[in-house]
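Colleague: I am new to this structure and would like a friendly tour. Could we look at it together?

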Amino acid sequence: MVENFAKLHIMDHPLIQHKITMLRMKDTNTKDFRQLVNEIALLIGYEATRDLPVEDIEIETPLMKTVGKKCPKQVCLTPILRAGLGMVDAMLELIPAAKVGHIGLYRDPKTFEPVEYYCKLPPDVAERTVIVLDPMLATGGSASAAISFLKQRGVSKIKMVNIIGVPKGVETVLEAHPDVDIYLGALDERLNDHAYILPGLGDAGDRLFGTL
Ligand code: PRP
Ligand code: URA
């Protein structure tokens, strides 16, 4: 077990727990699944952005001058394709000025190792806080690989937002990347022989896009 589980933030909010329970149910249809992923991403995203820096700005209300707060334009959202796409709209509602990078990875069905097929990031990504989005943190291979790509491109401030993970995935990411904060909706028990999360929700990408 890695030491720095202080970097793991598990959401204990009742609304998140309620929505994740609905997400898990096998009879939840594609439309509802998509809606729930969106709502959960918004709630976890709120927590994950709690420590973003703010700057003072002078403003004028109808009555007087005062000093307000402003979040500088500094965030890049980066979904891991495909399933991470389902979390982007909610995060953009929170941070409309964010840029969006994309990292395409799929798990080899035999080795469970991540295979890269796409990577497009904004040119100034190294100056931004990057929030990596993916509903599932299973072996942790995809998340670790995505974070490594970002670091190779000079990114130093990285947060990871997942809806469901397991201890193995968390350990893998934090062993490779102890500087990264992980925001997790629920920590499940374990992986099955096919590296699927138990109890989990099944295949997030397939349920999100109706490709089961
Ligand atoms: C899923 C999920 C993660 C990855 C997690 O994607 O969205 O990216 O598996 O597994 P890991 O922690 O063991 O790497 P998948 O490879 O099924 O691709 P998809 O989103 O295109 O369906
Ligand atoms: N990817 C998924 O979509 N679900 C899992 O349980 C594990 C990896």
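This is a predicted model: local features need pLDDT of at least 70, side-chain atom pairs count only at pLDDT 80 or more; totals for chains, interfaces and linings use all residues.

Colleague: Which residues come nearest to ligand 1?

Modeller: A residue counts as near a molecule if one of its heavy atoms lies within 4 Å of it. There are 16 residues around ligand 1, and those that come nearest are Arg107, Asp134, Thr139, Gly140 and Ser142.

Colleague: How far is a polar side-chain atom of Asp134 from an oxygen atom of ligand 1?

Modeller: Polar contacts here are pairs of N or O atoms within 3.5 Å; within protein, one must be able to donate a hydrogen and the other to accept it, and residues adjacent in sequence count only if both atoms are side-chain atoms. The side chain of Arg82 has an N or O atom 2.9 Å from an oxygen atom of ligand 1, and a backbone N or O atom of Ala83 is 3.2 Å from a ligand 1 oxygen. For the polar side-chain atom of Asp134, the distance is 2.4 Å.

Colleague: How many residues of the shell around ligand 1 are charged?

Modeller: Ala, Val, Leu, Ile, Met, Phe, Trp, Tyr, Cys and Pro count as nonpolar, Asp, Glu, Lys and Arg as charged, and the others, Gly among them, as polar. The shell around ligand 1 has seven nonpolar and five polar residues, and the charged ones number four.

Colleague: Which backbone has a polar atom 2.8 Å from a nitrogen atom of ligand 2?

Modeller: An oxygen atom of ligand 2 is 2.8 Å from a polar backbone atom of Ile197, and a backbone N or O atom of Ala204 also lies 2.8 Å from a ligand 2 oxygen. For the nitrogen atom, the backbone is that of Gly202.

Colleague: Is Thr49 buried or exposed?

Modeller: Thr49 is found in the loop between helix H2 (30-48) and strand E2 (55-60); helices (H or I, at least four residues) and strands (E, at least two) are DSSP runs, numbered from the N terminus. Its side chain reaches the backbone oxygen of Gly45 at 2.8 Å. Buried means under 20% relative accessible area, exposed over 50%, partly exposed in between (1.4 Å probe, protein chains only). Because its relative accessible area is 17%, Thr49 is buried.

Terms used:
Residues are numbered from 1 along each chain as its sequence is written. Chains are lettered from A and ligands numbered from 1 in the order in which they are written. Side-chain values use heavy atoms; hydrogens and water are left out.
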